[in-house]
Amino acid sequence: MKKYIVSFPHIGNYYIPIYNLFSNIFDSETTDILIPKKNSSQSLEIGSINSPDFVCTPFKYNMGNYIESLEQGANVLIQIGGGCRYGYYSEVQEQILKDMGYKFDYITLSDANGINIPKIYKKLKKLNPKITFGKFVSRFLLTINMINYLDQIEKYIRENIIYEVSSGVFKKIHKSFLNDMKNIKNRSDFKRFKKVYDNKIYTVKLDKNKEVLKIGIVGELYSLMEPFASFFIEEKLTKLNATLRRYTTVTYLLFEKGKYEKKILDIAHDYLDYTIGADGAESVAHTIELANDGYDGIIHLKPFGCTPEINAMPILQKVSRDYDIPIMYLTFDSQTSGEGIITRLEAFCDMLEMKKNNKNIRRSEAVWQNII
């Protein structure tokens with residue numbers, strides 16, 4: 001009997017709840033779950049060589065993940081799909097990989113209408129005919145809870161790690177958190193896990209009187225959620241004395257984004273009458289919210305060729321002028337230099353410190369444009 005070896009693209013730490021879901025719904029006697037390698041320069045290089053030049057960088061990362069997994073023996077690839085050109089990835093990636101000679105089954109879990117649990121169940125049941133719909137829903141909801149908690153904890157760390165009294169405490173707890181999350185099998189395990197880490201995370205001593213920079217991060221979802229794709233920008237900004245806020249997470253994309261479309265346009269009504277695709281409108285609205293919340297600066301991230309974020313950039317420049325908030329734009333592709341990114345981040349943070357220390361001096365647009 002053929003044994004299925006299932007793999008999927010890598011993005012941030014979400015591979016853990018995804019692995020957990022597949023491990024709990026597939027029969028271990030007939031199916032192995034192959035966790036994709038973490039993204040690396042090699043992943044991007046392999047993906048770039050075997051992708052169209054004009055396609056966006058996340059596509060190339062996904063291709064690199066798939067090829068590495070196929071070379072390790074994977075024979076079933078799973079893709080989420082949805083959103084902007086990402087919704088067309090599945091068909092194109094499948095065709096390229098099969099033209100390369102790989103033999104595998106390809107399963108796309110979403111379509112133009114988004115996530116549909118009965119449809120997902122029907123597709124995954126092909127790999128495990130024994131699983132009942134009730135058990136699948138139970139495991140699926142557990143995974144959603146895990147993702148939600150992962151986002152919650154990482155948001156808290158992102159915003160507070162700069163304030164920790166003892167350096168390195170959050171990082172140590174987060175590493176343990178990710179390792180223990182892999183072992184969750186049921187709701188009881190999750191309940192105990194949550195209780196343990198609520199106690200660990202939320203009792204870390206903080207010094208909220210510390211003077212820090214407040215920086216918001218907006219832009220394209222993959223660049224925001226996959227640390228390697230943006231050269232671990234959040235970690236670097238923390239070392240530059242910044243507390244960070246970003247809105248985009250899987251929880252936001254699945255359960256909040258759709259509900260807040262009208263709110264997004266209400267916030268950005270002076271700049272937008274309609275959405276501009278993918279996360280473009282959100283980038284504008286969230287920048288306005290962050291400016292109103294007293295943030296010192298914004299960093300806008302996107303992969304090369306991301307049309308919705310390119311459309312957002314001229315609007316963001318106007319928001320920057322109107323709200324007197326500096327915005328730095330970073331674009332990532334296979335040729336981007338990590339050293340260059342660090343240099344720009346350091347210059348941007350120095351600029352924000354100067355502006356913060358001279359509150360009565362309104363920047364001239366020409367000066368900010370020359371720096372960023």
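**Close-up 1. The bridge partner of I217 in strand β9 is I299.** This is a predicted model, in which local features need pLDDT of at least 70 and side-chain atom pairs count only at pLDDT 80 or more, while totals for chains, interfaces and linings use all residues. Residues are numbered from 1 along each chain as its sequence is written, and side-chain values use heavy atoms, with hydrogens and water left out. Strands (E, at least two residues) and helices (H or I, at least four residues) are DSSP runs, numbered from the N terminus. Strand β9 covers residues 297–303 and pairs with β7 in the parallel sense over five bridges; two strands pair if DSSP finds at least two bridges between them.

**Close-up 2. Strand β7 (residues 213–219) is largely enclosed by the rest of the structure, because six of its seven residues are buried.** Buried means under 20% relative accessible area, exposed over 50%, and partly exposed in between (1.4 Å probe, protein chains only). β7 also pairs with β8, in the parallel sense and over five bridges. K214 stands opposite T243 of β8.

**Close-up 3. L240 sits in the loop between α10 (233–239) and β8 (242–246).** L240 is partly exposed, its relative accessible area being 25%. Leaving aside residues up to four places away in sequence, L240 touches L213, L345, E346 and C349; contact means heavy atoms within 4.5 Å. From C-alpha to C-alpha, L240 and I11 are 25 Å apart in space, and they are 229 residues apart in sequence.

**Close-up 4. T287 is a buried residue of helix α13 (residues 280–292).** The relative accessible area of T287 is 0%. The side chain of T287 reaches the backbone oxygen of S283 at 2.6 Å. Not counting residues up to four places away in sequence, T287 touches V218, E282, I298, L316, V319 and I327.

**Close-up 5. Helix α1 (residues 15–25) packs against helix α6 (residues 133–160).** The angle between α1 and α6 is about 165 degrees, and their axes are 9 Å apart. Axes are lines fitted to C-alpha atoms, for helices over the stretch in contact, and angles run from 0 to 180 degrees between N-to-C directions. α1 and α6 are therefore roughly antiparallel to each other, a term for angles over 145 degrees. On the α1 side, the contact is made by P17, N20, L21, N24 and I25. The residues of α6 in the contact include K135, F136, R139, F140 and L142.

Technical notes: Polar contact = N/O pair within 3.5 Å; in protein donor to acceptor, adjacent residues only side chain to side chain. Parallel < 35°, antiparallel > 145°, perpendicular 65-115°, else oblique.
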